[in-house]
Amino acid sequence: MAAGGRGWFRALALGVSFLKCLLIPAYYSTDFEVHRNWLAITHNLPLSQWYYEATSEWTLDYPPFFAWFEYALSHIAKYFDPQMLVVENLNYASRATVFFQRLSVICTDTLFIYAVHECCRCINGKRAAKDILEKPTFILAVLLLWNFGLLIVDHIHFQYNGFLFGLMLLSVARLCQKRYLEGALLFAVLLHFKHIYMYVAPAYGVYLLRSYCFTANNADGSLKWRSFSFLHVTLLGLIVCLVSALSLGPFLVLGQLPQVIARLFPFKRGLCHAYWAPNFWALYNAMDKALTILGLKCNFLDGNKIPKASMTGGLVQEFQHTVLPSVTPLATLICTFIAILPSVFCLWFKPQGPRGFLQCLVLCALSSFMFGWHVHEKAILLAILPLSLLSIQRAKDAGIYLILATTGHFSLFPLLFTPPELPIKILLMLLFTVYSFSSLKSLFRREKPLLNWLETIYLIQLVPLEIFCEIIFPLTPWKQHFPFVPLLLTSVYCALGVTYAWLKLYISVLTERVSVRQKAE
Amino acid sequence: MEKWSLMTVTVLLALTVRWAVSLGSYSGAGKPPMYGDYEAQRHWQEITYNLPIRQWYFNTSDNNLLYWGLDYPPLTAYHSFVCAYIAKLINPDWVALHTSRGYESQPHKLFMRTTVFVADLLVYIPAVILYCFSLKETSAKKKVSSALCILLYPGLILIDHGHFQYPLSLGLALWAVLCLCHDWDLLGSVAFCLALNYKQMELYHSLPFFCYLLGKCFKKGLKGKGLVLLAKLAGTVLLSFAACWLPFGTDVEQIMQVLRRLFPIDRGLFEDKVANIWCSLSVLIKIKNVISPRTQLKLSFAVTFLSLLPACIKLTVQPSLRGFKFALVSCALSFFLFSFQVHEKSILLVSVPVCLVINEIPFMATWFLLVSTFSLLPLLLKDGLLLPYAVTTPAFLAACLASFSILDKTSAEDLQLKAFSLSLKGYTSWFKAFPRIVRSLFLLSLSLMGILSVLSAAAPPPQRLPDLFPVAVAVLSCLHFLLFLLYFNVVILWDSKNKGQKKIS
């Protein structure tokens, strides 16, 4: 902590990398097998087979760049254990395989570390604190590098989110540094790695159009239509088209584009994931259940007419609503679109520079999370990570960040359900939460408290909820009949917090006044 | 940030690392027929739960002492009994007599790991935190960073949460030191008696405790308050021992049998490849074959005694807390290097006192702690703990570098050698280059350890010398330890002159 300059950043990055290495023997989910299968597919089969191969149930459903990434990895993998590259070796997990796959996640995370470094650079440290621990850049580095969600999703559950978020943060940093073309290129590439980042594409599109394609503003901050630059639009279009051509071109030539698209967007999967992500639909489903039970109690509903699945399992893939209308993909699409619209308008009419862009980015991610079709609980990271950048700049955002990060991270708990990982997830969660609360509190100690009493009570209630779900409930006889209750409670309770944070952020963005003076600076 | 939230973060980090290490393998995992220390602890639970207390230390048809018979003092046995009681509640198979031998399963591993984790959390970690807060003349941040480095010390984490061992005796000894720091001498001696009755290896620390308290009595005047204190201390020690041994006190034969189990003098001068002087010397001369076991015992006793003497006399004559901590280090190190029947893991008895002085001599302490972890490498490799070793050791180094910037603290003054260097007035010319020399020695030793670690982990040993790497590790560590012993003795013996100098200037 005495190390000056950038020594602390190296210490933070090294420290978290060592921790990741320690987690190598931990539990991994089926996603481990998913990625092993993709290694095998891309290594052995010709390009034309990649999106048709279906030996394993875990077919390739990421965009082509990610397939190429697996292809590149597979050429290193063969030196570790060639057996993992055999397509028929389902659920193959030798020690060397585990080691290689885990290590590949840790190594590709260097991109994330670099991106965080760049983000820290573009946050101007106006508050020059004497104490290194109270520097905004230090706090930001910890919040991003040691992010609880990223750690457990990537390094225990197993996924490659680290370097993907690295690409995203890097593109954000480039946009903040006004290197628009680089930022656009990075984001285009990112989209072809994992299409979930489409959630935030509107923010990118509008921001680039507004700040790059129009080169000047009127004095009052409104748009100057005459400053439109054809050159800039052409450049942007060229970049997007080139990247897309590189990625999808080969499949277009092979005539496989429809198949690729079908794999990427599996709308057959149902409204909610096996475990309900804490979004609007979780509340909707819970409401439906509550109304059903109420209806049965008061004899408004006929018990024989109710679809069986909705009453017994509760968490089957296709959730059938009994009272409320069932939700179609189109409906979710429209809801998402409507939810995103105000934030995008806000970005267009009240440009606030990089800060406005970030706000819009977070709102897009959150809105899509709230209303999207078949949303995974992991997608909450898409909102939490960019919000970290905002949280160290304004007390208001810091408060929202604390609510969103805590509930969002808590909602990831069901991902790790094995007993040996229980202490790890609780300790890591406490570590991150205690740090984020105390550091942000000390950063904004001159301003009013970050959370009001209601929010505080809500967050503290998470502790008894966790104790009930993990310790008390398994001991009760209900475990046999209603195994889904802990998941349901977690999901619904967290959904309240996420919805609240979403609304609060939306209101704060919409009511914010544009300060022209700030623009001029 | 608040001091307390920083400390909370530190502790949570330390706990996370501990649990992450415990996900790995343990001593003797899946290695019948003898397994390892994990099975020993489980077996003790089985024995203590199922047999009457009078049979615990005796060879009977139900208690084969050759298969991990109890060879630790009564407190360990009681602790096993308590754990066994909980184990029985969860799954009776875990402690069933005879049939549970070699029992291994994921839930059982989870249970055993949890017992260690709880012991660490309740005894060792609070002692470290309180100790760091009680440090004088240090900023709040320094206190937290000392706690961070002490809690991240890889040797203890790897042995307790990887290899499998309970940190109770060391934790209790730490509590004893803590009490002495606050002048609660009686409480301190109770804590130390408990530590001693948990593990007889705590004898390594007993002389400094004895000398320090005795010196304190002398200082108060043996005719007045000193005598009262001495009597009180003696009474406390006797009472705590009596309390621990109560169930065995009924019969002299019982006590003798326990003592025979605790001090197995017929086991030989050393076992395995331990980094002490006897094992290292036997690379040149096969001591075990040349000298008779009786003479070995006497020889090791004599050498240990001689090496202990200066520090102990100094401490008795001039009892001070600082001197006490350093004496703990040097005495434990003497025992480790020269005494009879030393185990690799005993180096932890030296490391924990070194942790206590990490804020005074960060550079040397870090160096020592790294070497001590390195000396455990052959043991860790046998247990399949290479990955945690390779991760936690550099992490510890990074933590020390970040919190103390140790590489800038290599001057004679920082190493507490000012007084010594002043006494060598005529030869001061080379002292200008001293910090640079020390730093390059440190880097050289680091790279040697790194190379040997990589070789032991990756390279197959030559066919004629299958033990080449473990022996090399032992000899290299032993050389380091000898130099450290010299260093600590110099610091201890030149201590008061330093203070005198300060007063004059």
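User: A polar contact is a pair of N or O atoms within 3.5 Å, where within protein one must be able to donate a hydrogen and the other to accept it, and residues adjacent in sequence count only if both atoms are side-chain atoms. How many residue pairs in polar contact does the rule find across the interface of chain A and chain B?
Analyst: One, with both residues at pLDDT 80 or more. This is a predicted model, where local features need pLDDT of at least 70 and side-chain atom pairs count only at pLDDT 80 or more, while totals for chains, interfaces and linings use all residues. Residues are numbered from 1 along each chain as its sequence is written, chains are lettered from A and ligands numbered from 1 in the order written, and side-chain values use heavy atoms, leaving out hydrogens and water.

User: Which helices of chain A touch chain B, then?
Analyst: H1 (7-22) and H18 (421-443) of chain A each supply at least two residues to that side; helices here are DSSP runs (H or I, at least four residues), numbered from the N terminus. H18(A) gives the largest share, 12 residues.

User: And what is that side made of, by class?
Analyst: On chain A, 26 nonpolar, three polar and four charged residues face chain B. Gly counts as polar and Cys as nonpolar in this scheme.

User: How much area do chain A and chain B bury?
Analyst: About 2,600 Å², 83% of it on carbon and sulfur atoms. That is accessible area (1.4 Å probe) lost on putting the two parts together, summed over both.

User: Switching to cavities. How many of 30 Å³ or more are there?
Analyst: Six, a cavity being a set of points on a 1 Å grid where a 1.4 Å probe fits but cannot get out.

User: Where is the cis peptide bond?
Analyst: Between B:Pro32 and B:Pro33, with omega about 5°. B:Pro33 sits in the loop between H1 (3-22) and H2 (37-50) of chain B.

Notes. 1 Å grid on protein atoms, 1.4 Å probe; cavity = no way out; pocket = protein on both sides within 12 Å on 5 of 7 lines; lining within 4 Å. Points joined across faces, edges and corners; volume = space filled by probe spheres on them.
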